[in-house]
Structures are given as C-alpha cells and as structure tokens.
Amino acid sequence: MKTAIADRLSPVSIDACPAAFSRRLMHDFRTYGFGVVTDHGIPAETIRAAETAARRLFALPDAVKRQWHIRGAGGARGYTPFGIEAAKDAATADQKEFWHVGRALPAGHRYEAVMPPNVWPDVPGFREAALDIFAAFEATGARLLEAIAIGLNLPADFFAAPTREGNSVLRFLHYPPQPAAPSGIRAAAHEDINVITLLLGAQEAGLELLTRDGTWLAVKPPEGALVVNIGDMLQRLSNHVLPSTTHRVSNPVGEAAKRARYSMPFFLHFAPDYLIETLPGCITPDNPDRYPEGLTANAYLIERLREIRLL
Ligand SMILES: O=C(O)CCC(=O)C(=O)O
Ligand SMILES: [Fe+2]
C-alpha cells in the first residue's frame, strides 16, 4: 500500500499527554527541524504587551534608538540597527532592526562577564513587558525540552540544569514595509546558533524552511501559535538526529509588502560553561560521532557570532 507523503507541519497541542506530545513534536523535529505548538502557555496578554512595547520602541527616531546600540558587544543587549546582521557568507545585511534582552543576573554572578546587564529604552512599560515574556518563554521552553529529552530517551529533566542559567536571548524584530526597506531580503537563509528557538509573531507571512529535498516550505502558524525550531547546539549535541534547519524570511509582495513585520524569537541557550558533548544514545553505526571533541556553549557561540558579523 502506498503511504501518504509529506504530512504538513500541522500544529501540535502541548496539552496532549506528555508521551504523545513528545512523539508528534519529535516527528516534526526529525523531519523538518521545526514544529508548530498550540496551547503553549504564554498568556495572550503577555504577548500583546510585548508586541505593543516593541512597536513603540521601533517607532522612535533612528537617532534615539542608536543611543542604545552597544558597539563591539556582539549585539547581545539593546539595539542593533539596520545594516549589521547578515547571514553567514551573505553579501548584504538583512532588512531588519532588533532589540535584545538577556537574563537578568544578580550583581557579582559568576556569568557576569559573558552575560552583560540589560539596557532599557525610554519606552513606558517596555522593561516589564520584556521581562514578563522572557520568563514565559523560559517556562514554555523548559516544557519543550522535557518533550525533547523524552524523545531522545533521556531523563525528562536532562536539560533542566544545563539551561537553568542559560545565556538565552529574547529578540524583538522589526522588518519595515518594502518601499522603506534597505535592499536585500528580510532575513537571508540561516540556521540558529542556540539550543531551540521559540518564535511568536510569525503569522505575518514570510517564514520559510528548507526541506530535505531542497524546497522551501512556508511555515504559516495559526494566530497565536508558537513556532519552535532546533538550533545548531542541539543539532551538535544530538549528532544531527535533530537537524538545525535552514530558514529565511522572504520579502512580501502585493498588499503584504506595505506592511511591516514584527516577530519575537526567544533563542534558548545553554549556560556558558555547559560542555556540548555528543549524546552517546545518538551515536550508531550508521551515524558515527561527528564531534569527538566537546566544546563549551560559550566557545561555540563566539565562533558563530563572528560568522554572522555580530562580533
Ligand atoms: O522573523 C522571523 O519570523 C524569524 C527570525 C529568525 O529566523 C531569526 O531572527 O533567527
Ligand atoms: Fe532564525
């Protein structure tokens, strides 16, 4: 009997029983490196407040925003203007400006040197909204990592300690309408560097992933759903059992070209000193260890930020 091919990237509810949720999500991760998750637990009100704060920020004049651009800091915190971040090996920079929020650490914390303090713009409510959604993304991220751990036959809490004080980054993104945008593409084809990415706001068209057969597939999450994708660190840890899939944000045409796009990826990271060593359960005769040398998450991050011109 012929079986159906290429089942779509259909939403998976996080409320299903943990084993079933894990099975469905892992299927999409192994196939596409992406999954679409509903009932993800990030309150609609928290999302709305963050979106409002981001719109207010990006509406400020260029010169005002640039006072929060920290040169030479890898774009880790605060504002990054148009024309800076480019995909690895890309000729032009992406059509985007963004703002990064990191983990708020108590003074004197051992990670202080690699995880700098946040900077905050003069936008009423921004700080509260950003910290709220950072915490909500973290809570949901922990549940997703449990599902991944179960799917990799690891203890469900395998990722808890390595990510508890992770170097995670929340990104507010703004892609202007086409007439005002610099030349280039909204976001050129790239892979994410981190463990997993949780993305809200991608219902405005444009996000596409590169399937194994080399075609671009539009992700198209339903309103309010969360897009989740595997990053390079988890690809490396899992010896490519979970692929870090190439994706891009293509330029809109027609009416959509008149609209800006705002999105919010949360790049979930390991703690800086976590040693990324291939999981023994992901090494088989067909898939021998691709990374016999372990590498700390921070060493890996520095290597990759240089490639995308943020360092
Ligand atoms: O804006 C989006 O939907 C995706 C952004 C993205 O892939 C990234 O910032 O890494
Ligand atoms: Fe990305």
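The following conversation walks through a predicted model of a protein chain with a ligand.

Biologist: How are residues, chains and ligands labelled here?
Modeller: Residues are numbered from 1 along each chain as its sequence is written, while chains are lettered from A and ligands numbered from 1 in the order in which they are written. This is a predicted model, in which local features need pLDDT of at least 70, side-chain atom pairs count only at pLDDT 80 or more, and totals for chains, interfaces and linings use all residues.

Biologist: What pLDDT does the protein chain average?
Modeller: The average is 92, and 96% of the residues score at least 70; pLDDT is the predictor's confidence in each residue, from 0 to 100. Over residues 1–7, pLDDT stays under 50. The model scores ipTM 0.99 and pTM 0.95.

Biologist: In what order do the 8 strands of the open sheet run?
Modeller: The order is S1-S2-S10-S7-S12-S5-S4-S3, with mixed pairing. Strands (E, at least two residues) and helices (H or I, at least four) are DSSP runs, numbered from the N terminus, and two strands pair if DSSP finds at least two bridges between them.

Biologist: Which strands stand at the edges?
Modeller: Strand S1 (12–13) and strand S3 (78–80) do; each has a single partner strand, so one side of each is left without a neighbour in the sheet.

Biologist: What packs on that sheet?
Modeller: Helix H1 (residues 18–32) packs on it, touching S1, strand S2 (34–38) and strand S10 (226–230). The direction of H1 makes about 145 degrees with that of S2. Axes are lines fitted to C-alpha atoms, for helices over the stretch in contact, and angles run from 0 to 180 degrees between N-to-C directions. Helix H2 (residues 44–58) also packs on the sheet, touching S4, S5, strand S7 (196–200) and S12.

Biologist: How do H1 and H4 cross?
Modeller: The axes of H1 and helix H4 (residues 126–151) come within 9 Å and cross at roughly 80 degrees. The two helices are therefore roughly perpendicular to each other, a term that covers 65 to 115 degrees.

Biologist: Which residues of H1 and H4 meet?
Modeller: Pro18, Ala19, Phe21, Ser22, Leu25 and Met26 in H1 meet Ala147, Ile150 and Gly151 in H4; contact requires C-beta atoms, placed from the backbone, to lie within 7 Å. These residues divide into 7 nonpolar, 2 polar and no charged. Ala, Val, Leu, Ile, Met, Phe, Trp, Tyr, Cys and Pro count as nonpolar, Asp, Glu, Lys and Arg as charged, and the others, Gly among them, as polar.

Biologist: Changing topic, which residues are around ligand 1?
Modeller: Among them are Arg171, Leu173, Ala187, Asp192, His247 and Val249; a residue is near a molecule if its C-beta atom, placed from the backbone, lies within 6 Å of it. Strand S5 (169–175), strand S11 (247–249) and strand S12 (261–268) each give two or more residues to this shell. The shell divides into 7 nonpolar, 2 polar and 2 charged residues.

Biologist: What is the bridge partner of alanine 187 in S11?
Modeller: The partner is valine 249. S6 and S11 pair in the antiparallel sense over 2 bridges.

Note on methods:
Contact = placed C-beta atoms within 7 Å. Parallel < 35°, antiparallel > 145°, perpendicular 65-115°, else oblique.
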